[in-house]
Amino acid sequence: MATVNLNGQSREGGGGASASGCDPSSSSSSASCSAASQYPIQGKKDQWIKLNVGGTCFLTTKTTLSRDPNSFLSRLIQEDSDLISDRDETGAYLIDRDPRYFAPVLNYLRHGKLVLDDGLSEEGVLEEAEFYNVTHLIGLIKDNIARREQRPAADKKRVYRVLQCQENELTQMVSTMSDGWRFEQLINIGTSYNYGAEENAEFLCVVSKECANTLIGRENESNDRAKVLQQKGSRM
């Protein structure tokens, strides 16, 4: 858990970090604290706070971190803070958490909206929101998750995909399917070839997964093709 060094109350001089290099609007644009420290901070230096989260530097303001006065981040920057945290060589507070999931938390404190980059889950951001004790964000994410889980069946549709594989790959492919995909049908496309001393055939494996309608548009082409192949396979 991150802590604040009560003995390190002094602020840095001219060698701070620039807002553009160290204060990203998304996790993909974060800069390292060591590189950012080459640029001076403009304006009131005591209003800017540097955070080193899992090796990634974020530059923000006391005002932003104080939006939720009961949060870990607000308590962290208080002059009489009861938290103890080490700092790196640039003076940034060291926090041992995932920087990818910290970025949505920080951005929520900036503008009050939950924005997720590709590859991030609401459950992951909820874990961080609870760690930093950002109360309103915790409630927002829990409401989103509850609505998602209560979504009626009409909002979901089964999507099909077709995988081409060789005869000697079938067992491994079917046994390693994950992430909600399930085996539907196997179609022998009748193309045989010699591999060493053995003859092998090629197959089309139809698999399916239940998806929310928001994802259906990207799956329509695969879905239609799979249905055609299923009909073809049923006549073989």
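1. Buried here means under 20% relative accessible area. By that cut-off, F72 is buried. F131 is buried as well. Keep in mind that this is a predicted model.

2. Now the aromatic pairs. Searching the whole structure turns up five of them. In one, F72 and F131 have ring centres 5.5 Å apart. Their planes meet at 45°, so this pair is tilted.

3. F131 has another aromatic partner, Y132. Here the geometry is edge-to-face. The centres lie 4.9 Å apart, with 85° between the planes. Y132 is buried, as is F131.

4. What does the aromatic cluster consist of? Five residues make it up: F58, F72, F102, F131 and Y132.

5. Which ring does the charged end of R97 sit over? The ring is that of F131. The distance from the charged end of R97 to the ring centre is 4.0 Å.

6. A separate point concerns C57. This residue lies in strand β2 (residues 56-61). Is C57 buried or exposed? Its relative accessibility is 0%, so C57 counts as buried. Along the chain, C57 and Y93 are 36 residues apart. Their C-alpha atoms are separated by 9.4 Å.

Definitions and conventions
Residues numbered from 1 in each chain as written. Predicted model: local features only at pLDDT ≥ 70, side-chain atom pairs only at ≥ 80, totals over all residues. Heavy atoms only, no water. Phe/Tyr/Trp six-rings, centres within 6.5 Å; stacked < 30°, edge-to-face > 60°. Buried < 20%, exposed > 50% of the residue type's maximum accessible area, 1.4 Å probe, protein only. Lys NZ or Arg CZ within 6 Å of the ring centre and 35° of its normal. Helix = DSSP H or I, 4+ residues; strand = E, 2+ residues; numbered from the N terminus.
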